[in-house]
Amino acid sequence: MSRPAISTEQRRARLLRRHGLVPETYAQTAEGVADAVVGLHATTASTVYLSTWARMGSFDIPELDRALYVDRTLVKQLAMRRTLFVFGRPALADAVSAVGTRVAASERTNMLRDLRRSDDFPDPEGWIETAREAVTGALTGGRSASSTELRKELPALEGVKRHGEGKAWSGVVGMGPRVLSHMCAGGTIVRGPNDGNWLRSRPKWSSMTDWLGEPLQIDDPETGHRNLIRRYLQRFGPATEVDVVWWLGSTKTAVRNALSQLDAVEVDLEDGLVGYVLPDDLDPVDVVGPAALVLPELDPTVMGWKQRDWYLGSHARHLFDSNGNGGQTLWWDGRIVGGWYQRADGSIGTHLLEKVNRAATKAVKARAEELAVWLGDHRPKPGYPAPFLKDVT
């Protein structure tokens, strides 16, 4: 029996509609934006805001600040591929269950390895537990504190790893921040208030339970994988096994097990690959008219698949750095056609990487102008500049 087929045109229509990138699917709230893409990339502080702007008809910075810091319905969390995301609370629990606990265990293993190589830590396991208890004790009663504040007041976080002794490149690395990363990955503590503005991340740590007002309900990893992959396929399907493994930052065994439990259906894609969709997601969606998009670096749509030719074409070397970080992109008709940048005067420059028709050029520039107006005097600085910027700035 032959597999169902999903065309590239349908994949692009799903991308635009399900990621809330066309006016008829714009979200009404910041929470709706995050749900549309499972989670927003937050490695670069401004990306969260620019990705939200791209998916709402009318967006002001206080709307996202409300969700992040007042209602706390959106939460920053280190998750897939050890990357910082912003999740709604249900997706947060799935992400910590699926990958957070595994990342936390890996961080602990790596710390133990380094501590055992040093004569300064006679009891590595005891040192980690003492440090964890000290942080937990310091963040009680709803208190938040920065990494610097915690290291200054907690002797238990003292200690460094020395490397390259006797070499020109020798140095020391504090172990305290690694304890905080380990606790964050496992969902014990969380990035709470931000002392910076929306362009700069200066988080203070909080107890996850205090920040949420309730304990985070963590499931077993198998349940977490199944729930998180279901969310991914609802928004990003069809996706190949390679896509799912890469996006999740997990193993083929765990992904295959979850796909089996979800009764995911194999479908043929135009590029000859095999994708997966949920069993109730085989019906075609309405194709939308050509739409111009201006998306920030590390946008979840840009970074949503490992096998990207169907929307990226031959532009990877212009838009992705050597570590696979996607830069600021221009889209037309569900595919990437170039990149953008902000000039010193605040205007947005467009850099097309292929020839498009006059209507596309006009629409892309108009959308770029809308972004320039929204940004006003703000100047977000790319954290991962795309290679094409060397040619235009």
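User: Why is His225 called buried?
Analyst: In this predicted model, His225 has a relative accessible area of 6%. Buried means under 20% relative accessible area, exposed over 50% and partly exposed in between, with a 1.4 Å probe and protein chains only; His225 is therefore classed as buried.

User: What makes residues 221-236 a helix, and which helix is it?
Analyst: Helices are DSSP runs of H or I with at least four residues, strands are runs of E with at least two, and both are numbered from the N terminus. The run 221-236 is helix α10, and His225 lies in it. The protein has 16 helices and 15 strands.

User: Which residues is His225 in contact with, leaving aside its neighbours within four places in sequence?
Analyst: They are Ala98, Leu248, Ser250, Ala254 and Ala258, where contact means heavy atoms within 4.5 Å.

User: How do you know that the radius of gyration agrees with a compact globule?
Analyst: The radius is taken over C-alpha atoms, and the globule rule is 2.2 Å times the number of residues to the power 0.38. For 393 residues a compact globule would be near 21 Å; the protein has 22 Å, so the value agrees. The C-alpha trace spans about 65 × 60 × 45 Å along its principal axes.

User: What percentage of the residues of the protein count as buried?
Analyst: Of the 393 residues, 52% count as buried.

User: On what basis are these values given?
Analyst: Residues are numbered from 1 along each chain as its sequence is written, and side-chain values use heavy atoms, without hydrogens and water. Local features need pLDDT of at least 70 and side-chain atom pairs count only at pLDDT 80 or more, while totals for chains, interfaces and linings use all residues.
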